[in-house]
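Welcome, and take a moment to turn the model around before reading on.

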Amino acid sequence: MNFFLTIVLDGLIQASWLFIVALGLTLVFGVLKILNIAHGSFYALGAYIAATVVTMVAARSLPPSVGFVAMLLSVALIASAVGLLLERGLLKMFYGRDEVVLLLVTYAVFLILEDVTKLIWGVNPIYATQPYELFGNIEFAGLYYVGYDLVLIPISALIGFAIWFGLNRTVIGKIVLAVIHNEEMSVSMGVRVNRVYAVAFAFGVLLAALAGALTAPKISMQPGLSSDVIILSFAIVVIGGLGSVEGAAVGAILVGLARAASVHLMPQAELFMIYLIMAAVLMFRPEGLFKRETARRI
Amino acid sequence: MRKGLHPLVMIALIAMVTLAGRALPTWTLSLATIAASNALIALGIVVLARTGNVSFGQGLFFAAGGYGVALIANTWGLTDAMAQVIVGAACGGLLGLVIGPLIARYSGIFFGMLTLALSMVFYGALVKSTALGGSDGFNVGRPSLFGMSFTDPREADFMLYAVSVIVTGFAGIAATILFRSEFGLASLAVRENNLRVEYLGLSANRIISINFLIAAIFAGASGAFALMAQRHIDPQFAYWTTSGEFVFVAVLAGNQSVAAVFVASMALELVRSFSNLYLPNTWQLVLGVFLLGVILFLPRGIGSLWIRDRRKRRIPAAATLTAERGAAP
């Protein structure tokens, strides 16, 4: 029983940060119809920036809580700026092209960011462990957990709820939903679609970078981080259905549990398991678990 | 029907390029070998892309061909280069035969994602299989040709160059014939509108499956070349960034001309080796900027530089596609 609980808790911890990454990816796809390969790079960018900020704060011997808040704020600021800049400066030029072409544009951005992070932070592993001790250790049903890990679960649940609430219960959210459903109609109703695009993309980047910052204290930052993360978040959004918030949550939990279960039971099958789930979902429900079928023009 | 080169002229061209290898310095030779091998797999992607589907998982067949050849070479001592290419193509083809019909009913982004997923399943399995060397992979011996073994590295390089240029060249001729055939034109029709193709009495799924099979065969043979050139194999063959690079070559080439695939592949290898030389550690950056530039300024690939015939008038077709997606402002 304890063993089972370990898997579930580990899975939820994994799912919590994966959910935040996947939420950004699914939001960008929903609004802009772009499957963003560079999303993993934004995650890595957030993690690296967080590491730099945490190290700077620690060097001034300020408490780790200051470092934690500073890293979240600076990552949020930089990520939104990067997102706005990329959307207005680059992606805008490619709207109206085929989905696959847009995919390749983001692949190019991924390649560029991959080297930019290497140029700035080098190729050696970087650590930012100070905030990890922030919440101490927590005993839970006879198991000891690092408090930071457990705190991630409510944080991501909160973010998920905020997005759901924002989309479904506010005017701005309704406008975004209108753009998702029918862009042409929204334009004729007076919605500034360009602005919605820019904000949605920046928000997607922000979510990826925040997830990076939140996980930065747990991991070592090194090249290859972005391609691993994007592969996981692709699996999540495809399982849940591209563009669906509920789908991202369910996908993240499935993938988190699959990861935790295979780590505990069959370490050799980790990536294999996740992609097997994804392939199986695609075989039986190509639109993902949470997406409604749409009519197409003949 | 567009006029193109006569197949006999192309065969003469292949012979000339092969013989020209005699005069090339060694580093260009190995570069050209890799370029020819990448051109082969990218050609497969172009063949498939004519049905409107882009595969982001050609690494699956690339690795299947490579691992298949490596295992047979190490178990039964098969070293003949031609035989290895055939084995590689057969491995890729067999896998394509199984997978093709399964995924032919998907399109667009789902097709791409599913192929990516399958290649990552394979990658995950390879990394963890200790029998196959795990993430380190394993080595294979030097290839021979028709009973001749090559001890002089220069001769061995030339042999590999010749075999890869000839095989890729003939694949190119086959693809040209395919593109002009009734089947090739039906494939283009599937890209324009698969439902209408079905209404006309053709099976869109079967057309996609067959094109997928061709792409898989090319990818398997290409995997055999990559194996012979590196004499080492590891799971990286199946990783998604490897597949991404092949898609890159295909996009660079565009889907109008077979020759463009070879030019694009060579261009990519040159860019890569020069940026390795002058801008070490930033070749991905160079590659990314290069890709953005091509998509922005040559949306129909570098093939559009020399093919400017009546297809140009079809640009409005792209506009209708945009309208269908809900016109972007």
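Predicted model: local features only at pLDDT ≥ 70, side-chain atom pairs only at ≥ 80, totals over all residues.

Residues are numbered from 1 along each chain as its sequence is written, and chains are lettered from A and ligands numbered from 1 in the order in which they are written.

Helix α10 covers residues 240-253 of chain B and helix α11 covers residues 258-278; their axes come within 8 Å and cross at roughly 125 degrees. Axes here are lines fitted to C-alpha atoms, for helices over the stretch in contact, and angles run from 0 to 180 degrees between N-to-C directions. Helices (H or I, at least four residues) and strands (E, at least two) are DSSP runs, numbered from the N terminus. α10(B) passes α11(B) in a right-handed crossing; a crossing is left-handed if the near helix is turned anticlockwise from the far one by less than a right angle, and right-handed if clockwise. The residues that make the contact include B:Phe248 and B:Leu252 of α10(B), together with B:Val261 and B:Leu268 of α11(B). Two residues are in contact if their C-beta atoms, placed from the backbone, lie within 7 Å. This contact divides into nine nonpolar residues, one polar and no charged. Ala, Val, Leu, Ile, Met, Phe, Trp, Tyr, Cys and Pro count as nonpolar, Asp, Glu, Lys and Arg as charged, and the others, Gly among them, as polar.

Another pair in chain B is α2 (residues 26-49) with α6 (residues 153-180), which pack at an angle of about 25 degrees with their axes 9 Å apart. α2(B) and α6(B) are therefore roughly parallel to each other, and their crossing is left-handed. Among the contact residues are B:Leu29, B:Ala36 and B:Leu43 from α2(B), and B:Asp157, B:Tyr161 and B:Thr168 from α6(B). Here the residues divide into 13 nonpolar, seven polar and two charged.

What does chain B look like as a whole? It has 13 helices and two strands. Of its 329 residues, 50% count as buried. A residue is buried if 20 or more other C-beta atoms lie within 10 Å of its own, exposed if 12 or fewer, and partly exposed in between, with C-beta atoms placed from the backbone. Residues 24 or more positions apart account for 80% of the contacts in chain B with a separation of 6 or more.

A residue in helix α10 of chain B, B:Gly244, leads us over to the other chain. B:Gly244 is buried, with 21 other C-beta atoms within 10 Å. Leaving aside neighbours within four places in sequence, B:Gly244 is in contact with A:Tyr107 and B:Phe56.

The contact between the chains takes 44 residues from chain A and 39 residues from chain B. On the chain A side, α4 (99-121), α7 (183-188), α8 (193-215), α9 (225-240) and α11 (270-284) each supply at least two residues. α4(A) gives the most, with 16 residues. The chain A side divides into 31 nonpolar residues, five polar and eight charged.

Within chain A, the axes of α2(A) and α8(A) come within 7 Å and cross at roughly 45 degrees. The two helices are therefore oblique to each other, and their crossing is right-handed. A:Phe42 and A:Leu45 of α2(A) are among the residues making this contact, as are A:Val205 and A:Leu210 of α8(A).

A:Gly240 lies in helix α9 of chain A and is buried, with 28 other C-beta atoms within 10 Å. The C-alpha atoms of A:Gly240 and A:Gly288 are separated by 5.0 Å, although these residues are 48 residues apart along the chain. A:Lys33, in the loop between α1 (2-32) and α2 (39-59) of chain A, is partly exposed, with 18 other C-beta atoms within 10 Å. Most residues other than glycine have a negative phi. Phi of A:Lys33, however, is near 60 degrees, a positive value.

Terms used: Parallel < 35°, antiparallel > 145°, perpendicular 65-115°, else oblique.
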